[in-house]
Each structure stands twice: as structure tokens, then as C-alpha cells.
Amino acid sequence: MTDKNDQEKFDAQLLAQMVEDFLEESQELLDQLNLNLTRLEDNPEDEELINEIFRNAHTIKGTASFIGLDKIKEVAHKMEDVFGAIRKKALKVNASLIDVMFEALEVLTLLKDKSRTKDPADVDISWVINNLLGILGGTLPESEERIPENKTIAEKPGQIPIPKSKIQNQAAEAAAVRKTASISETIRVPTERLDNFMNLVGEMITSQNRLSNFSDKFKNAELSIIASAIARLTSQIHTGLMSVRMVPIEKLFNKFPGVVRNLARERNKELELIINGKDTELDKTVIEQIYDPLVHLLRNAIDHGIESSEKRQEQGKSPVGQISLSAWHSQNNVIIEVADDGQGIDPARMKQVAIQKGIITEEKALAMTDDQAIRLIFLPGFSSAEKVTDISGRGVGMDVVKENVQKLRGMVDVRTKVGKGTTFHIQMPLTLAILSGPFGQGKWPDLCPAPQYG
Amino acid sequence: MNRKVLVVDDSSSIRKMVEFALKSKGFLVTSACDGQEGLEFLARERYDAIILDINMPRLDGFEFLKKIRADEAYASVHVVMLTTEGQEDDKKAAISLGAKDYIVKPFKPSELIAAVESLFK
């Protein structure tokens, strides 16, 4: 570097790239934080977990400060301080502490989403900083000495080793995943490039179809050999590219324990969330777009499905409600189900509400089967922001859920049993890629839009 | 001859930046995401220098440094520690544990290059 200008340019270029890398890296760290905080709530004394959260916050703080994202740095720094105090046993984990941590996490996510090359000006962090300071204000007075970092439990003499719990296993798993991620031969590619690629493959399939049709007409041996070779290769490229776009649904599902936890707290419901099929793979775009509908369904289950603990006990149910979120593959579809063991949907009440709201006439209601009545939930206008009755809120956003799922060429359905619970069933094609093309080419069903349901 | 550098840091964006900076100067660079992985790499291959972060999961920078300084086989490997602004004790600890130099974060890529190049002068 002989020229000073060159050197400055070089530095600026590398640091700009680093900001981009950090915004990507921080999403992973925030996901880890989210998961770890959720686990901490069930295991408030787990030192390994506390250490890990401390390190998550520390890494975010360190890198954000490196590249001058001061707001992220400040919030992460205060979180680190809180967990530093917990490690020193100057603070204890309790529900309000965890609440503030989730608030801080939300602010960090917002900052991350809005930061490009510098701090977003319109995100206010003072309130969350104040809340964090409030928590730190509750620490027992202690000297300002720095905490020794990353002491493992085994190194502290006289400490009884904690029995290896599930959480620790999961932590070890996470560490193993992180480790492979850094040494295995993978590359990250912007989705945009894959999309461009996908469009080209779409064009290619169209041209290849024309070639096949043309060759069928000409009955030329050599031409048909070439045409079928091209057809085979195109099909292989298509399948290969689709598989590149497939990612496990795990990253998305890992967000939900935190979401559900917050909602349950807000609504004063006791429940547990069971997640199945985390490693189910589907198209990245589908994963991104299914988040909102799933949050709607979970919120709905918490608001209106799961009853209060008292009510559940009166009915001889376990006081803790259960919501399960499951995903699996079925042929070329992926199925996602949100099921609760709550009060179910009463078809008679559905009809009543729909009549009140003028969505259906009384005659029509009489002619309706129970199944049809329950599906009224998906009609626009059925849901209402005002909670006139406990059932009126049941449909909040359900028409939107249906619409969003249909945009993904999927369908959503509901099964319910009064007093037993409700299951929402979403079925979607594995991949969104290549949506449009000539109709009627039976050989390439992918080229035809799938039928719309409902 | 191209010198080999091992970068040990748990932040992937810092790792990438350091890697890129050093590679642009012809160094051969390998990255590890924590001290434990760093030790594994070190056992498999000979390195001329190590860029070492402090706070990392599993095995932190100081513990890592203690371990390699206790091993004759790694006596000739230079260590540059990445410290954080304001943590004066870290700098002293790094040097007393056997690091050759330290760089305070945030640093510019060119500063890092200068520090690593001066190790071999």
C-alpha cells in the first residue's frame, strides 16, 4: 500500500463489506439469543445458558461497535452487563428481567433490520436502555472488577457438576452446528442471484418445450436425440436449482417459542408449545412468507383456543394448555399444522355471529353443515377488532391468513371439536419457483399455476 | 514463502474481514470460530502467526494462549491479541501471557496488516 488514498479506499471497502456480513451474522446471533432466553425462562439457574447469552450479547456488542452501529452496540452492551451481573450472582433471573431482555431483543431486531451503513435515526432506544438500567439498578453493590470470561464449570474448584440436561445437549448441538458451519465447504449466495438463475431456468424450460414440440413434428432421429438430451438436462438443472433453494424450517420455528411465550404472558394463559419436524425443508421464499400467517394462527390459538387454567381444570383438562406446531412433507407438498387442545369452535356460535354481522342470512345458516359453519371463519368481515363476544375475536385475521397462504399456492383448512381443540392445517407446494409458463404442457406440471382453493 | 496465519474469533464478520485483509497481502489464512477449534487446527498444521480474540465460547483467548505457551511445539508462533477499547488489563494480560502484540478493536484492516507484517521484520 504505497498510496495513502489507496489504503483508505481499501479500508473503507473492507469495512463496508463487514457491515453487510455483520447484518447477516447478527440475525443468527439474535435467533440464538431468542432461543436461549426462552430456555432460560425454564432454567433460570443454568450457568452454561447464562454464559452463552452473555457471549451472544458480547459478540453483537463487539462487532457492532467495530463497525460503528452504536445503537445496536449500546443495547447489546447493557444486555451483556445484565448477564455479567447474573454471572457474578449480583442479579437473579426472574420474569420481569426476562421480559426486559425480550424487549431489548425486539429493539435489536428492529435496529438490525433498519441499519444499512449506519444507525437508523428513527429507532428510539432510550426506553429500553432505561429498562435495562432499571434492572441493573437492582444489582447488589459490588466492585467494578471485570468478570473473568468464559470460565467453564469444571474449572471452578468445589463446584458440583450440573447433571447433563436436555438444554445442555441442545447447547452442545448448537455449538456443533456452529462449528461445522465455519469449516464445512459452504458458500452464501444472495437470494437475488438464485432468483435470477431461476428465471433463466424458467425461460430455458419454455425454449426446451418449443424444441421438443418442434422435434416431434420433424421426426428426425438426430434432432429428437438432441431434444431429449436437452429435456433431460433442463429437468436436472431445474431440480438441482430447486434443491439449492430448500432450507430447513428450523430457523423459522426457532422464533416461535419467544413469540408464544410473550403472547401467553400478555394474555395470562398457561401453555406449552411443542414443535415437531424442525428439519423439514422447504423453499426459502415460502419460509419467509409463511411467518406472518403462522403468528396469526398461534395468536389465535392462545387468544381464543386455550382456556384459562381454572376453566381447563373445571373441565378435567390439564391446567397447562398445549399448542403444537408441526411440519412434514407429503409428496410434493409441505404440511404445517398448528393445533391446540383448547375449547374448539362451536358451529352454532359461528352461525349466530355470522348472522349478527350480516355475512349470511338465517336461511342460509339453517342450510349449513357444521363444517361449513366452521369455515365461516375464513370469510372476510367475519373477524372483527371489537371483541363483542369471546368468539368474535376468533376470526381475527383468518381471512388474511387464508389469503397469504393462497398467495403461496397453498390451502388452509380447519378441524375442530368443541371442548377438545382446533387444528389449522396448511398445505403448500414445496417450492414457489417457476410460477408462470405456458398452460397445457402436461409434461411440465410446474409450469401451470396450481389450482386455487376455497 | 507465504506465511500462514490462523485467525481465531467467534464473530464471523470479523473473521472474514481479517481473512480478506491478510489474504490480499499474500498470507495464507485459516479461520477458527473459537479457541477449541483453534487448537485443533494448530495440532494439524504449522502456523507462523495467530490473530486471537479474547471472549469466545468453549475456550477463550487467554486460556488458548496459556495452553499454547505451555507447549514447546508452538514456541515460535507469534500471537497478536485482539483487545477491546478501554480494557487496559487485557493488554497487560495478553503480553504477560506471551502475546507478541495486541490490536485494539475497532481497528482498520490496514492497521492489522501493518501489525502482522511487522511480526516478521
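Two strands count as paired if DSSP finds at least two bridges between them, and strands themselves are DSSP runs (E, at least two residues), numbered from the N terminus, as are helices (H or I, at least four).

**Entry: ground rules.** I am working with a predicted model, where local features need pLDDT of at least 70, side-chain atom pairs count only at pLDDT 80 or more, and totals for chains, interfaces and linings use all residues. Residues are numbered from 1 along each chain as its sequence is written, chains are lettered from A and ligands numbered from 1 in the order written, and side-chain values use heavy atoms, without hydrogens or water.

**Entry: the sheet.** I looked up an open sheet of 5 strands in chain A and found the order β2-β4-β5-β7-β6, with mixed pairing. β2 (271–276) and β6 (411–417) of chain A stand at the edges with a single partner strand each, so one side of each has no neighbour in the sheet. From one strand to the next, the twist averages 15°.

I then followed β4 (321–330) and β5 (333–340) of chain A, which pair in the antiparallel sense over 8 bridges. L325(A) has V338(A) in β5(A) as its bridge partner.

**Entry: a helix across the sheet.** Which strands does α11 (284–305) of chain A lie across? I noted β2, β4, β5 and β7 (421–429) of chain A, with α11(A) running at about 170° to β7(A). Here contact means heavy atoms within 4.5 Å; axes are lines fitted to C-alpha atoms, for helices over the stretch in contact, and angles run from 0 to 180 degrees between N-to-C directions.
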